[in-house]
Amino acid sequence: MEMGTLTKEELMEIINDHQKWLAGTGGVRADLSGADLSGVDLSNVNLSRANLCDVDLNSANLSNADLSNINLSCAGLSYTILRNANLSGANLSGATLNDAVLFGANMSGADLGYVDLSEVDLSGVKGLLNPIEYLGEKF
């Protein structure tokens, strides 16, 4: 689905419908796949379980956002601020996170297959196994 650039009003309508869907009071699950959301401020937003496959979120602010169990496969997240975001269970396979800010983010159970983490400081990220723990779990 090619979505392109959304107006702020269109984006807020999709987010509001998603909140209703999460609460079980109607609405629909957010599907922003293919959207250009570069530079947008989505701090403190709950997009849990949304579909943001192949979305452009480069230079966006997602601080304190609930992105648990979200589909961010193949997403552009370079220079994105994800400070204290909840990415537990998120699908980030194939995403690009060059120079993203992840301090305090919860990434437990996140799928990081083929993720580009160039120039990313992973200190302070929660839920990542260090190499010794990884070997202990896998072998």
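Leaving out neighbours within four places in sequence, Leu 47 is in contact with Ile 15, His 18, Ala 30, Leu 42, Leu 52, Asp 66, Leu 67 and Ile 70; contact here means heavy atoms within 4.5 Å. You are looking at a predicted model, in which local features need pLDDT of at least 70 and side-chain atom pairs count only at pLDDT 80 or more, while totals for chains, interfaces and linings use all residues. Residues are numbered from 1 along each chain as its sequence is written, and side-chain values use heavy atoms, with hydrogens and water left out.

How confident is the predictor? The mean pLDDT of the protein is 91, and 90% of its residues reach 70 or more; pLDDT is the predictor's confidence in each residue, from 0 to 100. Where pLDDT is low, the predicted coordinates should not be read in detail.

Now for the overall plan. The protein has two helices and two strands, and from the N terminus on these elements run β-α-β-α. Helices (H or I, at least four residues) and strands (E, at least two) are DSSP runs, numbered from the N terminus. Of the 139 residues in the protein, 36% are buried. Buried means under 20% relative accessible area, exposed means over 50%, and partly exposed lies in between, with a 1.4 Å probe and protein chains only. The protein exposes about 7200 Å², and carbon and sulfur atoms supply 49% of this area; the areas come from the Shrake-Rupley method with a 1.4 Å probe, and for residues only the protein chains shown count as cover. Among contacts between residues at least 6 apart in sequence, 13% join residues at least 24 apart.

Let us return to Leu 47 and look inside. The largest nonpolar core has 37 residues, and Leu 47, Leu 57 and Leu 72 are those with the most contacts inside this core. Such a core is a set of buried Ala, Val, Leu, Ile, Met, Phe, Trp, Tyr and Cys residues joined through side-chain atoms within 4.5 Å. In soluble globular proteins, nonpolar side chains tend to be buried together.

One of the partners of Leu 47 is His 18, which sits in helix α1, residues 8-23. Is His 18 buried or exposed? At 0% relative accessibility, His 18 counts as buried. Its side chain reaches the backbone nitrogen of Ala 30 at 2.9 Å. Residues up to four places away in sequence aside, His 18 touches Val 28, Arg 29, Ala 30, Asn 46, Leu 47, Ser 48, Arg 49 and Ala 50.

Next come the strands. Gly 4 belongs to strand β1, residues 4-5, and counts as partly exposed at 26% relative accessibility. Which residues does Gly 4 touch, not counting those up to four places away in sequence? They are Gly 34, Ala 35 and Asp 36. Gly 4 and Asp 56 are 52 residues apart in sequence, yet their C-alpha atoms are 9.2 Å apart in space. Ala 35, touched by Gly 4, lies in strand β2 and is buried, at 1% relative accessibility.

Phi of Asp 54 is near 60°, a positive value in a residue other than glycine, and Asp 54 is partly exposed, with a relative accessible area of 44%. Asn 84 has its place in the loop between β2 and α2; its phi is also near 60°, and at 39% relative accessibility Asn 84 is partly exposed. Ser 68, found in the loop between β2 and α2, is buried, with a relative accessible area of 9%. Not counting residues up to four places away in sequence, Ser 68 touches Ser 48, Arg 49, Asn 86 and Ser 88.

Finally, the cysteines. The structure holds zero disulfides, a disulfide being a pair of cysteine sulfur atoms within 2.5 Å. For Cys 53, the nearest cysteine sulfur is that of Cys 74, 5.7 Å away. Cys 74 is likewise in no disulfide, with the sulfur of Cys 53 as its nearest. Cys 53 is partly exposed at 26% relative accessibility, and Cys 74 is partly exposed at 46%.

Note on methods:
A polar contact is a pair of N or O atoms within 3.5 Å; within protein, one must be able to donate a hydrogen and the other to accept it, and residues adjacent in sequence count only if both atoms are side-chain atoms.
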